[in-house]
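Please look over the structure shown below.

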Amino acid sequence: MSSLFFYGTLCHTPLLEAVLEVEAGALTSRLTHAELADHHVSWAQGKDYPMIIREDGGRAQGVLLRDVCEDE
């Protein structure tokens, strides 16, 4: 199993659960606040969604999902 970093709208647990098709509350114990070093999150120009880019010294805020299984 591995861990995945999510940012932007996928930090909203109910949305992430819907995307991963898991029961409500199923991810709570495996999610923690996280920062991804040397990256930056901002809104895509002229779009309604965020993007992540590499940026020296940056800190992208997000969540870390631990113990990700293949189905997820």
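What follows is a short report on a predicted model.

## The nonpolar core

The largest nonpolar core has eight residues. They are Phe6, Leu16, Leu20, Leu27, Leu31, Val63, Leu65 and Val68. Two elements, H1 and strand E3 (50-68), each give two or more residues to this core. E3 provides the largest share, three residues.

Val63 is one of the core residues. Beyond residues up to four places away in sequence, Val63 touches Leu4, Phe5, Phe6, Leu10, Cys11, Leu31, Thr32 and Ala34. Among these partners, Phe6 and Leu31 also belong to the core.

## Glu17 in helix H1

Glu17 lies in helix H1. Its relative accessibility is 6%, so Glu17 counts as buried; the cut-off for buried is under 20%.

Neighbours within four places in sequence aside, Glu17 is in contact with Val22, Glu23, Ala24, Gly25, Ala26 and Leu27. For Ala26, a polar atom of the Glu17 side chain lies 3.4 Å from the backbone nitrogen. For Leu27, the C-alpha atom is separated from that of Glu17 by 7.1 Å. Glu17 and Leu27 are 10 residues apart along the chain. Leu27 is also a member of the largest nonpolar core.

## Arg30 in a loop

Arg30 sits in the loop between helix H1 (13-20) and strand E2 (31-43). Is Arg30 buried or exposed? Its relative accessible area is 17%, so Arg30 is buried.

Which residues does Arg30 contact, leaving aside its neighbours within four places in sequence? They are Leu64, Leu65, Arg66, Asp67, Val68 and Glu72. Leu65 and Val68, both in this list, are also residues of the largest nonpolar core.

## The cysteines

How many disulfides does a search of the whole structure find? The search finds zero. A disulfide is a covalent bond between the sulfur atoms of two cysteines. Here the closest cysteine sulfur to that of Cys11 is in Cys69, 20 Å away, so the two are too far apart for a bond. The cut-off is 2.5 Å between sulfur atoms. From the side of Cys69, the closest cysteine sulfur is that of Cys11, again at 20 Å and too far for a bond.

Cys11 has 28% relative accessibility and therefore counts as partly exposed. Cys69 has a relative accessible area of 29%, so Cys69 is partly exposed. Cys11 is also one of the residues that Val63 touches.

How values were computed:
Residues are numbered from 1 along each chain as its sequence is written. This is a predicted model: local features need pLDDT of at least 70, side-chain atom pairs count only at pLDDT 80 or more; totals for chains, interfaces and linings use all residues. Side-chain values use heavy atoms; hydrogens and water are left out. Helices (H or I, at least four residues) and strands (E, at least two) are DSSP runs, numbered from the N terminus. Buried means under 20% relative accessible area, exposed over 50%, partly exposed in between (1.4 Å probe, protein chains only). Contact means heavy atoms within 4.5 Å. A polar contact is a pair of N or O atoms within 3.5 Å; within protein, one must be able to donate a hydrogen and the other to accept it, and residues adjacent in sequence count only if both atoms are side-chain atoms. A nonpolar core is a set of buried Ala, Val, Leu, Ile, Met, Phe, Trp, Tyr and Cys residues joined through side-chain atoms within 4.5 Å.
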